Amino acid sequence: AWRRGRAGTAIGRAVHSALQTVDLATGDDLSAVAAAQAAAEGVADRTSEVERLTRAALDSVAVRNAVATDRYWREVYVAKDFDGLIVDGFIDLLYDTPDGYVVVDYKTDSVGAHNVDDVLARYRPQALAYAFVLSEQLERPVARCEFVFVSAPGGAATRAVEVSADALAEPRGLMTGAAE
């Protein structure tokens with residue numbers, strides 16, 4: 001089982017772990033992968049939910065776009081030291097486009113069709129921090145960050161946070177100010 005200290009729920013950890021393991025292009029062996037990850041997280045009785053949420057992510061626009069590029073990476077660790085302030089995290093899925101990298105983050109929050117954008121607002125700082133650290137480390141722009149809300153009604157809902165110079169000034173200011 002993949003365990004990386006995620007702070008989420010057992011279902012969320014099982015879904016993330018399944019998405020680290022399963023073939024993103026085909027979904028082959030998804031049932032077995034979901035069962036193994038659900039058991040590892042102590043929620044074997046909810047295997048069908050783990051499988052359903054993982055399938056929603058696999059069917060999402062964000063994952064399809066990543067797979068289509070043939071240049072994608074899972075569980076990319078990013079970290080930067082700002083004079084003693086360490087900013088770090090794992091990017092669930094990263095892919096390369098002509099405009100720059102795209103960060104994809106899976107969310108298992110319980111959302112309804114009416115509040116996906118409200119929930120997205122809570123994650124905007126995370127997106128910008130990832131984009132800032134990644135672009136600083138790789139010296140290549142991040143075009144956008146996409147959040148895949150796998151529990152949205154009717155399948156996953158993908159929402160993007162656009163990354164611009166103005167947007168990246170937010171985490172840059174917070175990180176350099178906190179390090180002083």
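This is a predicted model: local features need pLDDT of at least 70, side-chain atom pairs count only at pLDDT 80 or more; totals for chains, interfaces and linings use all residues.
**Helix against helix**

Start with helix α3, residues 47-58. Helix α2, residues 30-40, packs against α3. So does helix α1, residues 10-21. The table sets out the two pairs.

| Helix pair | Axis distance | Angle | Handedness of crossing |
|---|---|---|---|
| α2 and α3 | within 9 Å | roughly 125° | right-handed |
| α1 and α3 | 9 Å | about 50° | right-handed |

Take the pair α1 and α3. Their axes lie 9 Å apart, at an angle of about 50°. An angle of that size makes α1 oblique to α3. The crossing is right-handed. On the α1 side, the contact is made by Ile11, Ala14, Val15, Ala18 and Leu19. On the α3 side, Glu49, Val50, Leu53, Thr54, Ala57 and Leu58 take part. By class, this contact has 9 nonpolar residues, 1 polar and 1 charged.

Now the pair α2 and α3. Their axes cross at roughly 125°. Angles over 145 degrees would count as roughly antiparallel, and 65 to 115 as roughly perpendicular. The two helices are therefore oblique to each other. Their crossing is right-handed. From α2 come Leu30, Ser31, Ala34, Ala35 and Ala38. They meet Thr47, Val50, Glu51, Thr54, Arg55 and Leu58 of α3. The residues of this contact divide into 6 nonpolar, 3 polar and 2 charged.

Next come the strands. Strands of a sheet pair through backbone hydrogen bonds, either parallel or antiparallel. Here, 5 strands form an open sheet with mixed pairing. Their order is β1-β2-β3-β4-β5. Ignoring direction, neighbouring strands are turned by 35° against each other on average.

Look at β2 and β3 in detail. β2 covers residues 85-97, and β3 covers residues 100-107. The two run antiparallel and are joined by 5 bridges. Threonine 97 stands opposite glycine 100 in β3.

**Helix on sheet**

Helix α5, residues 116-138, lies across β1, β2, β3, β4 and β5. Strand β4 covers 142-149, and α5 runs at about 140° to this strand.

Terms used
Residues are numbered from 1 along each chain as its sequence is written. Side-chain values use heavy atoms; hydrogens and water are left out. Axes are lines fitted to C-alpha atoms, for helices over the stretch in contact, and angles run from 0 to 180 degrees between N-to-C directions. Helices (H or I, at least four residues) and strands (E, at least two) are DSSP runs, numbered from the N terminus. Angles under 35 degrees count as roughly parallel, over 145 as roughly antiparallel, 65 to 115 as roughly perpendicular and the rest as oblique. A crossing is left-handed if the near helix is turned anticlockwise from the far one by less than a right angle, and right-handed if clockwise. Contact means heavy atoms within 4.5 Å. Ala, Val, Leu, Ile, Met, Phe, Trp, Tyr, Cys and Pro count as nonpolar, Asp, Glu, Lys and Arg as charged, and the others, Gly among them, as polar. Two strands pair if DSSP finds at least two bridges between them.
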